[in-house]
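Subject: A structure for you to look at

Hello,

Please open the structure below and keep it on screen while you read. My notes on what turned up follow it.

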Amino acid sequence: MNWHQWQEIIGVTGVFVLITVVLSIAIVQLATTWRAKAALAREHEYRSLAEKAVRTQEETERQLRDVQDRLRSIEHVLKEVD
């Protein structure tokens, strides 16, 4: 083999390695982007769930206060009846 053939082999190998590296980096970047988007979506869902839980807790507390007020009224009426 002469020097010209070796240059072609080295050139083809270099191009192959370059393409492999570029494709690998692109795949890693795409995977990272997809993971980040998934994490943001998951965080949004957790936030929505937490907000719903807070609203439900506040409604439960309001209903409990209402029941306590009614119970006090009933106790007052029963004390008056005695």
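A residue counts as exposed when its relative accessible area is over 50%, as buried when that area is under 20%, and as partly exposed in between. Arg70 is exposed because its relative accessible area is 54%. Keep those cut-offs in mind for what follows. One caution: this is a predicted model.

**Overall shape**

Start with the fold. The protein chain has one helix and zero strands. That helix, helix 1, holds 79 residues. From its first C-alpha to its last, helix 1 reaches 116 Å, close to the 117 Å expected at 1.5 Å a residue.

Now look at the whole chain. Its C-alpha trace spans about 120 × 10 × 5 Å along the principal axes. The radius of gyration is 35 Å, whereas a compact globule of 82 residues would have one near 12 Å.

Leu64 and Val28 are 36 residues apart along the chain. Their C-alpha atoms are separated by 53 Å. Leu64 sits in helix 1 and is partly exposed, at 48% relative accessible area.

**Surface**

How much of the chain is buried? Buried residues make up 0% of the 82 residues. The chain exposes about 7,800 Å², and carbon and sulfur atoms supply 65% of that area.

Next, find the nonpolar surface patch of about 610 Å². Met1, Trp3, Trp6, Ile9 and Ile10 make it. Met1 belongs to the segment before helix 1, which runs over 3-81. Met1 is exposed, with a relative accessible area of 66%.

Look at the start of helix 1 as well. There, a side-chain oxygen of Asn2 comes within 3.2 Å of the backbone nitrogen of His4.

**Salt bridges**

Side chains of opposite charge can pair when their charged atoms come close. How many salt bridges does a search of the whole structure find? It finds four.

- Arg47 is partly exposed at 48% relative accessible area. Glu43 is also partly exposed, at 42%.
- Asp66 is partly exposed at 31% relative accessibility. Arg70 is the exposed residue from the opening note, at 54%.
- Asp69 is partly exposed, at 42% relative accessibility.

Why are Arg72 and Asp69 separated by about one helical turn? Because they are three residues apart in helix 1. The general rule is simple: an α-helix has 3.6 residues a turn, so residues three or four places apart point the same way.

**Where to begin**

Trace helix 1 over 3-81 first. Then go to the patch that includes Met1 and Trp3.

Best wishes

Technical notes
Residues numbered from 1 in each chain as written. Predicted model: local features only at pLDDT ≥ 70, side-chain atom pairs only at ≥ 80, totals over all residues. Heavy atoms only, no water. Patch = residues over 30% accessible without salt bridge, like charges linked within 9 Å, V, L, I, M, F, W, Y side chains within 5 Å. Areas by Shrake-Rupley, 256 points an atom, 1.4 Å probe, with all protein chains shown as cover. Salt bridge = Lys/Arg side-chain N within 4 Å of Asp/Glu carboxyl O. Helix = DSSP H or I, 4+ residues; strand = E, 2+ residues; numbered from the N terminus. Buried < 20%, exposed > 50% of the residue type's maximum accessible area, 1.4 Å probe, protein only. Expected span 1.5 Å × (residues − 1). Polar contact = N/O pair within 3.5 Å; in protein donor to acceptor, adjacent residues only side chain to side chain. Rg over C-alpha atoms; globule rule 2.2 N^0.38 Å.
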